[in-house]
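Please read it alongside the structure shown here.

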Amino acid sequence: MDDTPTVLDADVVIVGGGLAGLTLALQLKQRLAGLDVLVVERQRHPVPEATHKVGESSVEIGGNYFDTVLGLREHLEARQLKKFGFRFFFSEGRDSIDDCLELGASRYLSTPGWQLDRGVLENFLGEHATAHGIRFLDGAVVRSIALGDGAAAHAVEFERDGKRHCARARWLVDASGRAGLLKRQLGLARDNAHDANAVWFRTAAKIDVDEWSDDPAFHARCEVPNRWLSTSHLCGA
């Protein structure tokens, strides 16, 4: 490996080129067109489209950020699924889905949300960011972060394609997600009493809640029979 690092100067360095890092980069570039934004991302692109990431269901305020603030509606309508809102089924001991108390939208809301395929979206965002003048370096493994004092630049050292690089910038954003690079470095993690656990899985089959009932009244509750596009919560046994 070449031990002489290549120095890259930028206005902003964003560590992490996932959903948070790339959308922030786009928003900064929209607001300040002359800003030099450099994003360093560990994963190589294109990422697997069936990527295993939580956070695929956007609520309406998130949908507004993606499609209106960032201007991604064309991609969302062409490559993602329009969400049919939250939906809850409360069984209260009942055995049939059409006997359950159902709480959910009967028609599409005026402000859309989206069921996002994160792999598809992040591949698009990487290409979209590059097309808008953002320097996006994938396959970059961060080795160290040196925070500058006062007006001094921050420095991020990383390896890419067997070469060392040092990115320097006045502004540094840690968007590394679970890696929490700055959180770990600065000892910002705090224990709390909230012990939360979850299990989730992906299935190749389309699960359509509307197919669980033959009751005409059940189907008449929704003007558009698209319950499968809701984020459905089955509450109770």
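Helix 1 and helix 4 cross in the left-handed sense, in a model that is predicted. The two helices, residues 19-31 and residues 118-131, pack at an angle of about 35 degrees, and their axes lie 10 Å apart.

**Contact between helix 1 and helix 4**

- On the side of helix 1, the contact is made by Leu19, Leu22, Thr23 and Leu26.
- Helix 4 contributes Arg118, Leu121, Glu122, Leu125, Gly126, His128 and Ala129 to the contact.
- Sorted by class, the residues of this contact comprise 6 nonpolar, 3 polar and 2 charged ones.

- Helix 2, which spans residues 60-69, has Gly62, Gly63, Phe66 and Asp67 as its buried residues.
- Just after helix 2 comes Gly71, whose phi is positive, at about 75 degrees.

- An open sheet is formed by 3 strands, which follow the order 5-4-11 and have mixed pairing.
- Strand 5 and strand 11 (231-235) are the edge strands, each of them pairing on one side only.
- From one strand to the next, the twist of this sheet averages 15 degrees.
- The pairing of strand 4 with strand 11 is parallel and extends over 5 bridges, and within strand 11 the residue His233 is the bridge partner of Phe88.

**The loop between strand 4 and strand 5**

- Asp95 is located in the loop that runs between strand 4 (86-90) and strand 5 (101-104), and Glu92 is placed in the loop between strand 4 and strand 5 as well.
- Asp95 has a relative accessible area of 81% and is therefore exposed, since the cut-off for that class is over 50%.
- Although Asp95 and Ala237 are separated by 142 residues in sequence, the distance between their C-alpha atoms is 8.6 Å.
- Glu92 has a positive phi, near 45 degrees, in a residue other than glycine, and with a relative accessibility of 61% Glu92 counts as exposed.

**Other backbone features in loops**

- The peptide bond that leads from His45 to Pro46 is cis, and its omega is near 0 degrees.
- Pro46 itself belongs to the loop between strand 2 (37-40) and helix 2.
- Asp161, which sits in the loop between strand 9 (154-160) and strand 10 (163-174), is a residue other than glycine with a positive phi, in this case near 55 degrees.
- The relative accessibility of Asp161 is 52%, so Asp161 counts as exposed, the cut-off being over 50%.

Terms used
Residues numbered from 1 in each chain as written. Predicted model: local features only at pLDDT ≥ 70, side-chain atom pairs only at ≥ 80, totals over all residues. Heavy atoms only, no water. Helix = DSSP H or I, 4+ residues; strand = E, 2+ residues; numbered from the N terminus. Buried < 20%, exposed > 50% of the residue type's maximum accessible area, 1.4 Å probe, protein only. Axes fitted to C-alpha atoms, helices over the stretch in contact; angles between N-to-C directions. Left-handed = near helix turned anticlockwise from the far one by under 90°. Contact = heavy atoms within 4.5 Å. Nonpolar A, V, L, I, M, F, W, Y, C, P; charged D, E, K, R; others polar. Pairing = 2+ DSSP bridges.
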